Amino acid sequence: MIKITGVTKSYSTSSSEVRAVDDAYLDVKQGEFILILGRSGSGKSTFLGMLAGLIRPTNGVVRFEEMDISILPEDQIAGLRAKKIGFVFQFSGLIPTITALENVMLPTLFCREGPGCRSRAVDLLKKVGMSDRAGAYPRTLSSGEMKRVAIARALINEPLLLIADEPTGDLDVDTEFEIMELFRQLNHEGTTIVMVTHNPDLVPYATRTYTMNRGKLAERNGPGAFGTGMNGPAFQQESLDLP
Amino acid sequence: MSNRMDFLTFIIASIRNKPGRNLATIFCFAFIAANIFSGQFLMAGAEGGVNRGISRMGADQVVVPAQYMVFLQGSGPDNTMAIIKVEPSIYRMNSTIKDTVGKVGGIAQMSPQLYITSLNTPKLSSARVDIFGIDPVTDFTITPWLQQPLDHPLEPGEIIAGHEINGDLSSQISISGHVYTIAGRLDPTQSSVDNTIFLRMDDAYTLAAIEGIVPTSAPRISPGDVNAILMRDVQNENPDSVTAHVRREILSAYPSRNISVIGRHFTLDPVSQNVHGIPVLLNIISAFVVLAALPLIAIIAAMVSHERQREIGLLMSMGAKRNVIFFLVIAESMVLAVIGGIAGIGASIAAFFILNKQGFLNSALQVTFTTPTPAEISLMAGLALFVVISIGSISSLWPAYQSSMMNPYDAIRRE
């Protein structure tokens with residue numbers, strides 16, 4: 001579904017060149033739940049940005065369904081995002097001036113052939129447990145509620161890929177658990193998910209896990225390596241450069 | 001809410017839920033719209049008042065039988081007054097004289113008048129009532145005095161009644177057994193017009209043919225007879241010069257000197273010049289306001305766009321193309337312009353209504369302010385709205401371009 005080959009993203013500063021992502025490779029298959037672990041500033045958000053076509057790589061190729069999106073014109077990438085990619089940010093990412101339901105329906109503005117009707121938005125809010133807050137404005141929602149609405153919004157156009165950039169970063173443990181269960185359910189229903197986090201506790205949710213350290217992406221021991229979660233021996237023995 | 005999210009809903013929601021952010025912009029648009037609309041409204045009202053006044057100033061020249069001049073001596077119209085109608089006289093001429101007079105350049109309108117008779121009928125008026133025939137199609141001296149414009153041309157059997165004539169609109173009066181309907185009533189003129197009834201020329205000839213209507217001492221009235229041809233000059237034409245030309249033409253056509261010309265001896269120029277100075281001043285003020293507002297609104301639009309960078313980045317992450325972002329910023333500015341424009345125009349109309357009711361506009365403009373017609377007001381409102389929408393679009397072009405060219409990832413990460 002997505003194949004990333006030798007992708008690098010460099011930023012020039014006055015004195016030097018910083019490689020936010022350095023020669024990364026990743027092959028995401030349909031139905032996978034990829035987790036990328038890394039500390040703040042490790043380059044994982046930049047990597048997701050390239051995956052979603054929000055950032056153009058300095059080098060390398062990002063193929064989405066055989067299309068090299070790193071060289072596609074901006075409007076074509078936007079069209080691809082509208083139809084095939086859902087994005088959940090660390091911050092709520094909701095538009096404050098419209099209701100939860102309107103926020104969920106918002107992406108349908110940019111994807112005419114998408115399902116995008118009101119009934120689907122209502123169904124999605126129901127799915128994320130927010131049907132009773134459909135008419136609420138974001139300022140009246142808790143962080144967890146906002147995150148749920150953001151997930152519903154990311155799913156409105158039935159994307160092939162759901163990208164989540166530290167979606168539980170600012171949530172308490174209970175809410176984090178609820179959100180991750182929601183991701184697990186979506187993944188079981190067939191949604192491909194790529195998610196970055198700095199929380200190793202979330203590893204059990206993934207089908208494959210990668211680490212990002214100073215821009216370098218590396219797979220950690222293959223599928224099932226972290227099957228027993230953060231208390232598992234394999235994870236404990238990993239010398240991850242994590243907080 | 002509709003089944004599908006639409007841009008207008010999104011834009012309206014953005015404006016509605018951020019009133020503080022948009023209030024300054026709306027106020028600016030309202031101020032511009034009010035300024036433009038007020039300028040147009042005042043100009044039209046003042047011009048309307050002056051034009052109405054000018055139209056009521058009567059004829060610039062009157063062509064009459066020579067005997068009429070003799071008749072006038074000591075009892076005729078004061079030449080400093082407007083010539084609305086000629087004095088009753090039994091001296092007539094044929095209306096074909098219009099063909100001769102019509103050859104003179106500088107004449108805009110010509111209309112005949114025919115005096116039939118005078119009646120002492122207390123039922124119609126306490127004073128003596130003059131009966132005149134006019135041509136309702138060419139008339140330009142009587143109809144401007146109508147209290148309300150006629151909703152149809154004066155038809156056979158219909159009359160226009162002077163201010164002192166008894167009878168309401170649509171009521172009927174009888175003259176020598178002939179029944180006429182009052183189709184229009186005139187404002188007071190403080191002259192003999194107030195006690196005059198005006199008929200169509202064909203009705204006048206019919207009435208004149210009735211035995212006893214025209215005094216036996218006077219010549220009979222035949223179709224084609226008129227007492228006078230009243231003339232209105234082309235605007236900005238010198239009336240004295242036109243009068244001289246008409247005199248020359250008539251002298252050449254009627255060497256027997258049985259036709260004379262009376263010219264008006266006062267001028268309207270100072271009044272019209274005063275009023276024509278107002279539009280220039282108001283247009284300069286409007287242009288200045290527009291020029292001053294353009295950069296101001298552009299700065300506000302740029303500030304708003306800057307404040308909304310993350311929101312714009314989010315929209316791009318959802319798949320909004322650059323042209324959509326450009327359109328959104330422009331459209332939001334246009335919606336603000338429409339809201340501000342309507343508010344400004346509405347406030348202006350309300351203010352003018354109150355000021356006019358208090359008589360303030362008449363005293364401020366020093367002319368009788370004539371409220372423009374609803375069609376004229378709609379046109380002015382449309383013009384003001386068009387200007388503010390144009391300003392809204394133009395001033396948000398640069399912010400819209402900048403927003404559309406933002407890198408979505410950078411925009412999202414900005415606080």
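Biologist: In which helix of chain A does A:D75 lie?
Modeller: This is a predicted model. The residue in question belongs to a helix that spans residues 74–84 of chain A. A:D75 therefore lies in helix α2 of chain A.

Biologist: How many residues of chain A are in contact with chain B, and which helices of chain B supply at least two residues each to the side that touches chain A?
Modeller: The contact joins 23 residues of chain B to 27 residues of chain A. By class, the side of chain B that touches chain A has 13 nonpolar, 5 polar and 5 charged residues. The count asked for in chain A is 27. The helices of chain B that each supply at least two residues are α1 (7–16), α8 (309–317), α9 (322–357) and α13 (408–413).

Biologist: Why is α8(B) described as largely enclosed by the rest of the structure, and against which elements do its buried residues pack?
Modeller: α8(B) is largely enclosed because 7 of its 9 residues are buried. These are B:E311, B:I312, B:G313, B:L314, B:L315, B:M316 and B:S317. They pack against α9, α12 and α13 of chain B and, in chain A, against α2 and β6 (85–88).

Biologist: Which residue with a positive phi follows α8(B)?
Modeller: The phi of the residue that follows this helix is near 115°. That residue is B:G319.

Biologist: On how wide an arc do the buried residues of α12(B) lie?
Modeller: In helix α12 of chain B, residues 397–404, the buried residues are B:P399, B:A400, B:S403 and B:S404. They are on the same side of α12(B), because the arc they cover around the axis is only 130°.

Biologist: What is the strand order of the open sheet of 4 strands in chain A, and which strands stand at its edges?
Modeller: The pairing in this sheet is antiparallel, and the order is β2-β1-β4-β5. Two of these strands have a single partner each, so one side of each is left without a neighbour in the sheet. The edge strands are β2 (17–28) and β5 (67–68) of chain A.

Biologist: Which helix packs on this sheet, and what angle does its direction make with that of β2(A)?
Modeller: The helix touches β1, β2 and β4 of chain A. It is α1 of chain A, residues 44–51, and the angle is about 55°.

Biologist: Over how many bridges do β1 and β4 of chain A pair, and which residue stands opposite A:T5?
Modeller: Strand β1 (residues 2–12) and strand β4 (residues 59–64) of chain A pair in the antiparallel sense over 5 bridges.

Biologist: Where is A:E65, and what is its phi?
Modeller: A:E65 is in the loop between β4 and β5 of chain A. With 13 other C-beta atoms within 10 Å, A:E65 is partly exposed. Its phi is positive in a residue other than glycine, with a value near 50°.

Biologist: Which strands of chain B are joined to β3(B), and by how many bridges?
Modeller: Strand β3 of chain B, residues 107–119, runs antiparallel to β10 (residues 228–233), and B:P112 stands opposite B:I229. β3(B) also runs antiparallel to β4 (residues 129–134), where B:I134 is the bridge partner of B:Q113.

Definitions and conventions. Residues numbered from 1 in each chain as written. Chains lettered and ligands numbered in written order. Predicted model: local features only at pLDDT ≥ 70, side-chain atom pairs only at ≥ 80, totals over all residues. Buried ≥ 20, exposed ≤ 12 C-beta atoms within 10 Å, placed from the backbone. Arc of directions from axis to C-beta. Pairing = 2+ DSSP bridges. Contact = placed C-beta atoms within 7 Å. Axes fitted to C-alpha atoms, helices over the stretch in contact; angles between N-to-C directions. Nonpolar A, V, L, I, M, F, W, Y, C, P; charged D, E, K, R; others polar.
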